[in-house]
Amino acid sequence: MTDAPLPPLDFAVTKNLAAVSPAQRAEMLEDPGFGTIFTDHMVDICWSEKGGWHRPRVQPYGPISLSPAAAVLHYAQEVFEGLKAYRHADGGIYTFRPEENGKRLQRSARRLAMPELPVEHFLQSLEELIAVDGAWVPEKEGQTLYLRPFMFAKEAFLGVRPAHKYAYYLIASPAGSYFTGGVKPVSIWLSENYARAAKGGTGAAKTGGNYASSLLPQSEAYEKGCDQVVFLDSDGNVEELGGMNIVFVKKDGTLVTPASESILDGITRNSLLELAADRGHRVERRGVSLAEWREGVASGDIVEVFACGTAAVVTPIGTLKGEGFEDAQPLGELALSLREELTDIQYGRREDTKGWLRRLDA
Ligand SMILES: *Cc1c(COP(=O)(O)O)cnc(C)c1O
């Protein structure tokens, strides 16, 4: 293996002639919500056995034409990523640790028997999209442009084996502040009848199948009056929320987060734990049993519990509910203080001493 940088791809750019006007866009960015509005363009890169990664394009955002026999529709060979672009006060557009997303996309692809997009190409795809759709990165406090890279098997073949043709896409969606009216603690339902992933399964890969298996338990959580669901892993230890990782804060300041092979290794979690370690907190990654959680809260040894991920950043957990019990969770200051430090770095309000930011528009 050599580490020589790959030459950049030569993207063919087709401008969207029906792009929305600046006035329309400003109106759409007033209150974009999450995941329903998309920018004018998208990126796609093809992969085939013969040609490798080829035909890099920036084209108008729009429907994808796909054979009904495309393997992804039948056997779910699909992986994705999620990251945000932030507008800084100087107008610059930055993203947060995108190399980590690029590497994780590769790990996810490997687990799903898919080809790996070189991280250089991944980063270039972000820059190419921002070059045409940079005006979609909102300027208001708390708003971002959510970037959604994804890859799927598009070969038309119903036999069961890794496909021979894939497509990588990047789309973007302006997102409002996740919490309107302040960060509110959430209630979570302990799913004991369902798992989102299993030992040896795909839990550590960012793939749609894990989300598909979390939807029914998520509905159960809503029926029980909860906002979110928390899963246990195959060993019966606390795993994650299905889209967010979980962190416990102990009385002595130690932060404990579950280690398990079925957990998706979140970049938000890693970053928050690094910031906490820099403040002098001890950080432990190890199995956490449900008993340790419940008894820790009861005895006062656990003083705060929070969930974290790119979309919501940090969410304090206010209640854990399960079959036959409901435990109020203690609320502290650390989760929100770490949240503020992280978002200050992301939005350029605090110095990026770790080199976590990457400028996309220059
Ligand atoms: C994306 C994701 C997370 C959070 O990861 P971040 O890199 O922090 O956004 C947590 N759990 C699952 C299952 C995920 O897909």
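A salt bridge here is a side-chain nitrogen of Lys or Arg within 4 Å of a carboxyl oxygen of Asp or Glu. This is a predicted model: local features need pLDDT of at least 70, side-chain atom pairs count only at pLDDT 80 or more, and totals for chains, interfaces and linings use all residues. Residues are numbered from 1 along each chain as its sequence is written, and side-chain values use heavy atoms, with hydrogens and water left out.

**Stop 1: salt bridges**

Select aspartate 361 and arginine 359. They form a salt bridge, with the closest N and O atoms 2.6 Å apart. Aspartate 361 is partly exposed at 32% relative accessibility, and arginine 359 is partly exposed at 34%. The cut-offs: buried means under 20% relative accessible area, exposed over 50%, partly exposed in between (1.4 Å probe, protein chains only).

Now show Lys250, Arg282, Glu284, Arg286, Glu292 and Asp301. Salt bridges with shared partners join them into one network.

Next, pick lysine 354 and glutamate 274. Their salt bridge has its closest N and O atoms 3.1 Å apart. This pair links distant parts of the chain, 80 residues apart: lysine 354 is in the loop between α8 and β17, glutamate 274 in helix α6 (residues 267-278). Helices (H or I, at least four residues) and strands (E, at least two) are DSSP runs, numbered from the N terminus.

Move to glutamate 100 and lysine 103. Here the closest N and O atoms of the salt bridge are 3.3 Å apart. The two residues are 3 apart in helix α3 (residues 98-111), so about one helical turn separates them. The count of salt bridges comes to 25.

**Stop 2**

Select glutamate 220 in helix α5 (residues 208-223). Leaving out residues up to four places away in sequence, glutamate 220 touches Trp189 and Tyr194. Contact means heavy atoms within 4.5 Å.

**Stop 3: lysine 206**

Go to the loop between β9 and α5, where lysine 206 sits. Is lysine 206 buried or exposed? Lysine 206 is buried, with a relative accessible area of 11%. An unreviewed UniProt entry annotates Lys206 as "modified residue: N6-(pyridoxal phosphate)lysine". UniProt positions are given in the numbering used here, feature names are shortened, and annotations may be inferred rather than shown by experiment. Beyond four places in sequence, the residues lysine 206 touches include Glu78, Arg104, Tyr211 and Leu264.

**Stop 4: helix α7**

Select residues 290-299, helix α7; its buried residues are Leu290, Trp293, Gly296 and Val297. They cover an arc of only 140° around the axis, which puts them on the same side of α7. The arc is that of the directions from the helix axis to the C-beta atoms. Turn to the face away from the buried side to find the exposed residues Glu295, Ala298 and Ser299. The strands that the buried residues of α7 pack against include β9 (186-191) and β14 (302-309).
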